[in-house]
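Subject: Structure handover

Hello,

Please find the structure below. My notes on it follow.

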Amino acid sequence: MDGNVSGEESASVDWTTDDELDLAETVTSSQPTLTTCREAIPCNGEDIIELLTSNVLYSFSSSICMIAIEQATASSSAGVSRFKLLINHFVGMGFSEKMVSKAIEENGEGDTEAILNTLLTYSTLEESPQQPLSMNSDPSSSDYNETFLDDFSDVDSWSENEIEVKTESMSEKHKMLLALESSGSLSEEEEKLLALANMGYSVEEASIAMQRCGPEASVTVLTDFICAAQMAREEDCYLPEDVKPKHIYDGNSKKKKRKFLEMQKRTNVVEETIRPPYFYYENVALAPKGVWDTISRFLYEIEPEFVDSKYFSATARKRGYVHNLPIQNRFPLIPQPPLTIQQAFPLSRKWWPSWDPRDKLNCIQTAIASAKLTERIRTALERYEGDPPESVQRYVLEQCRKWNLVWVGRNKLAPLEPDEIEMLLGFPKNHTRGGGISRTDRYKSLGNSFQVDTVAYHLSVLKDIFPNGINVLSLFSGIGGAEVALHRLGIKLKNVVSIEKSKVNRDIVRSWWEQTNQPGNLIDFDDVRLFEGERVEQIINSIGGFDLVVGGSPCNNLAGSNRVSRDGLEGKESSLFYDYFRILDLVRCIMRNRQM
């Protein structure tokens with residue numbers, strides 16, 4: 001979602017992990033230092049038990065923790081069992097207590113390495129992309145990407161004979177182009193087809209792209225078009241079955257064609273029954289069960305479209321969108337943004353270890369890893385001449401994926417800077433910088449924003465519909481993700497009514513509006529709950545109506561990271577979805593009455 005219900009008010013339910021790390025660091029600093037020498041471990045059993053039960057030792061090697069556990073059980077008068085100490089130790093590393101108990105039962109209490117390996121195996125199996133997606137799944141691993149691409153194969157829509165005919169047909173066309181090239185008789189159009197075929201695209205895909213984009217389109221524009229078409233097909237294949245939209249294509253060819261016709265029928269129904277303005281609503285894809293059904297029911301029974309922004313950028317961002325926009329003739333923003341970590345941060349290649357397989361970052365958060373964590377990792381890695389042991393690699397990668405850490409030197413990891421996150425999310429450089437805005441506020445605002453390239457792909461259809469400009473009602477505006485997307489698409493913003501609780505975010509949008517010399521009017525309000533019918537009617541009478549109502553209500557009570565109040569749409573912040581619907585319905589009613 002692009003908006004945040006408030007600046008300071010929502011901090012209490014925002015990402016607690018950083019606080020937990022700081023707490024662990026405070027405890028660590030007050031305890032004796034652990035080294036690889038047995039003599040350096042405190043001999044007082046109660047002191048060791050305090051360390052173990054406070055989960056401080058999880059960042060040290062298993063051998064050190066084993067020595068600590070041995071001394072604790074040998075010298076303790078507190079009656080703490082070895083089993084409980086092992087439980088605390090591995091739970092501190094992030095594994096569930098149930099999983100740890102099972103691993104100890106399988107391996108016994110004497111071999112921590114075997115227990116750890118079993119736990120890592122369990123985690124890997126849980127996160128396997130062949131299973132329904134869990135909140136702990138890792139979309140940036142090489143195994144994930146390999147299986148994910150396999151899932152996108154369209155082979156199941158063709159019979160064996162059709163596959164052979166299709167393959168032969170495509171290869172013959174490619175061969176024909178190569179023959180023409182050798183004879184020097186290729187036209188300019190055929191040269192482009194051959195260039196795309198040599199890149200690995202089918203001649204059929206290339207031909208369709210040239211028909212849509214025009215024969216004068218460059219190879220770069222054509223590849224972008226083909227990639228965008230592939231993204232549209234692939235966007236939601238990885239989501240769990242219970243949150244997939246019903247228009248996902250699967251099964252045999254006839255079933256796919258039937259699904260396609262059903263989707264076209266749905267689109268026609270939308271065009272007939274959902275009158276202007278267009279609307280566009282966004283929130284986290286992996287919401288609690290039933291949330292998206294409720295959202296769809298309120299938003300005129302339109303099913304959500306699920307998209308992961310990793311197909312438009314170098315960072316994942318799984319979101320659901322409910323809208324009545326046309327789905328034909330979408331196009332991506334040009335130039336295409338970096339799609340991998342290495343493209344986004346080329347200087348990191350020099351330091352990137354071979355055992356870190358990531359090429360995509362995970363979802364941008366509202367908080368970052370502490371300096372103490374990255375220092376701990378550096379210290380741990382410097383103990384080894386070459387590659388660290390597999391257990392250390394796994395721990396480091398877990399932290400990298402959790403906090404989106406990137407390599408900035410030998411054994412040195414660092415969290416993303418705000419300007420780097422701006423780039424990944426499609427905002428202009430320094431969009432959130434200056435004007436008294438703190439780094440903490442920058443991270444929070446960016447973590448709650450739209451991914452501009454993804455949103456722009458959906459909104460691109462509006463360029464031909466509103467060639468003279470557009471009037472926008474932006475609810476929960478955040479830092480203006482929708483406004484930036486429309487601007488980057490070249491759509492003139494005539495009037496934008498922006499409603500956003502956070503003054504920091506309102507200042508960011510106002511500053512961007514002025515710096516980009518927007519010719520239209522920006523009118524901002526601070527609370528959707530106070531945006532009542534009389535004010536809506538007054539504004540509509542003043543500007544002539546809205547063409548687009550866009551927004552994403554707060555996800556605080558929907559996101560899986562919220563361990564405190566994941567209450568769904570009944571939660572304090574996320575219940576503001578009903579204000580989105582209330583205002584949208586008001587706008588539609590008032591505009592319909594004006595047309596009578």
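Is Gln518 buried or exposed? Gln518 counts as buried, at 13% relative accessibility; buried means under 20% relative accessible area, exposed over 50%, and partly exposed in between, with a 1.4 Å probe and protein chains only.

Before the rest, some ground rules. This is a predicted model, in which local features need pLDDT of at least 70 and side-chain atom pairs count only at pLDDT 80 or more, while totals for chains, interfaces and linings use all residues. Residues are numbered from 1 along each chain as its sequence is written, and side-chain values use heavy atoms, with hydrogens and water left out.

Back to Gln518. It sits in the loop between helix H22 (503-515) and strand S8 (521-525); helices (H or I, at least four residues) and strands (E, at least two) are DSSP runs, numbered from the N terminus. Its side chain makes a polar contact of 3.1 Å with the side chain of Thr516. A polar contact is a pair of N or O atoms within 3.5 Å; within protein, one must be able to donate a hydrogen and the other to accept it, and residues adjacent in sequence count only if both atoms are side-chain atoms. Setting aside neighbours within four places in sequence, Gln518 is in contact (heavy atoms within 4.5 Å) with His487, Leu493, Trp512 and Trp513.

Next, strand S3 (residues 318-323). Six of its six residues are buried, so S3 is largely enclosed by the rest of the structure. Lys318, Gly320 and Val322 cover one side, and Arg319, Tyr321 and His323 the other. S3 runs antiparallel to strand S1 (residues 278-284), with five bridges joining them, and also pairs in the antiparallel sense with strand S2 (residues 305-308), over four bridges. Two strands pair if DSSP finds at least two bridges between them. Arg319 is the bridge partner of Val284 and also of Val307.

The largest nonpolar core has 64 residues, of which Val396, Leu459, Leu462 and Leu548 touch the most other members. Such a core is a set of buried Ala, Val, Leu, Ile, Met, Phe, Trp, Tyr and Cys residues joined through side-chain atoms within 4.5 Å. Helix H16 (residues 390-403) gives the largest share, six residues. Another core, of 38 residues, lies apart from it and includes Val284 and Tyr580.

Last, Cys555: an unreviewed UniProt entry lists it under "active site", though such annotations may be inferred rather than shown by experiment. Cys555 is buried, with a relative accessible area of 11%.

Regards
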